[in-house]
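What does this chain look like, from its overall dimensions down to single residues? Please go through the report below with the model at hand.

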Amino acid sequence: ESKPVNVEISSDEGIEQHILILGAGRVASSVSEYLGRSNQCVITVASALEDEANSVANHAKRGHPIALDVLNGKSHLESLINNADVVVSLLPASMHPSIAESCISKKTNLVTASYASDEMRSLHTRCKEAGITVLNEMGLDPGIDHMSAMKIIDDVKSRGGEVTSFSSVCGGLPAPEDANNHLMYKFSWSPMGVLSASQNDAVYRADGNVIK
């Protein structure tokens, strides 16, 4: 059976949960601090760079750094995955399929911060058979923008209204006085990830039709 996850962030009461964070980049510190607020959450941070793992783990009340080369330390990685209740992979998107394969093998739930690639989608049936949840990008888009959209739509419907059209543009640009580089953009996450995402096709629905 898969491992049930019941992470309680706002209280120190509950079942102890072991969370494995893979990667120690820009987002990792915030994840470690947020999930690590509870004494019930044991946060293990694995990174090829020991100093970075230490820095990120220090943001959690019960953080533990691990020096790990994910590409060349599969047995060590799978041991960590086996001992975790959930894995949070903040590694480059190209590495997620192999992480997912290990999570399927160990029946451990997985969260990533990347869009679902075709390779990740191809694992859907095997994830279901293993009884695990693999949750891909649900931060900003989809995520915050979808949840805020549904909040507005549900509020309109609860008051007897009808939504005939809804447009949502996700993203943000820096103030003109701070747009001081050639891209006119400020990186809050992986620059390569930003540039890769900018090449994705847009898909939206208009007047009942899917526009690509």
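The report moves from the whole chain to the sheet, then to selected residues.

**Ground rules**

This is a predicted model, in which local features need pLDDT of at least 70, side-chain atom pairs count only at pLDDT 80 or more, and totals for chains, interfaces and linings use all residues. Residues are numbered from 1 along each chain as its sequence is written, and side-chain values use heavy atoms, leaving out hydrogens and water.

**The chain as a whole**

The C-alpha trace spans about 50 × 45 × 35 Å along its principal axes. There are eight helices and eight strands in the chain. Helices (H or I, at least four residues) and strands (E, at least two) are DSSP runs, numbered from the N terminus.

The chain has 212 residues, of which 32% count as buried. Buried means under 20% relative accessible area, exposed means over 50%, and partly exposed lies in between (1.4 Å probe, protein chains only). The accessible surface comes to about 13,600 Å². Carbon and sulfur atoms hold 52% of that surface. Such areas come from the Shrake-Rupley method with a 1.4 Å probe; for residues, only the protein chains shown count as cover.

Contact means heavy atoms within 4.5 Å. Among contacts with a separation of 6 or more, 49% join residues 24 or more positions apart.

**The sheet**

Six strands form an open sheet with parallel pairing, in the order β3-β2-β1-β4-β5-β6. Strands β3 (63-67) and β6 (134-135) stand at the edges; each has a single partner strand, so one side of each lacks a neighbour in the sheet. Two strands pair if DSSP finds at least two bridges between them.

Strand β1 (residues 17-22) pairs with β4 (residues 86-89) over four bridges, in the parallel sense. Here isoleucine 21 stands opposite valine 88 of β4.

Helix α1 (residues 28-35) lies across β1, β2 (41-47) and β4. Its direction is at about 165° to β2. Axes are lines fitted to C-alpha atoms, for helices over the stretch in contact, and angles run from 0 to 180 degrees between N-to-C directions.

Cysteine 41 belongs to β2. This cysteine is buried, at 1% relative accessible area. From cysteine 41 to arginine 205 the count is 164 residues in sequence and 41 Å in space, C-alpha to C-alpha.

**Helix α7**

Leucine 140 is in helix α7 (residues 140-158). Valine 156 is also found in α7. Leaving aside neighbours within four places in sequence, valine 156 is in contact with Gly161, Glu162 and Val163.

**Positive phi in two loops**

Most residues other than glycine have a negative phi. Lysine 107 has a positive phi, near 55°. Lysine 107 sits in the loop between α4 (96-106) and β5 (109-112). Aspartate 207 also has a positive phi, about 55°. Its loop connects β7 (204-206) and β8 (209-211).

**Accessibility of selected residues**

| Residue | Relative accessible area | Class |
|---|---|---|
| Leucine 140 | 40% | partly exposed |
| Valine 156 | 25% | partly exposed |
| Lysine 107 | 34% | partly exposed |
| Aspartate 207 | 80% | exposed |
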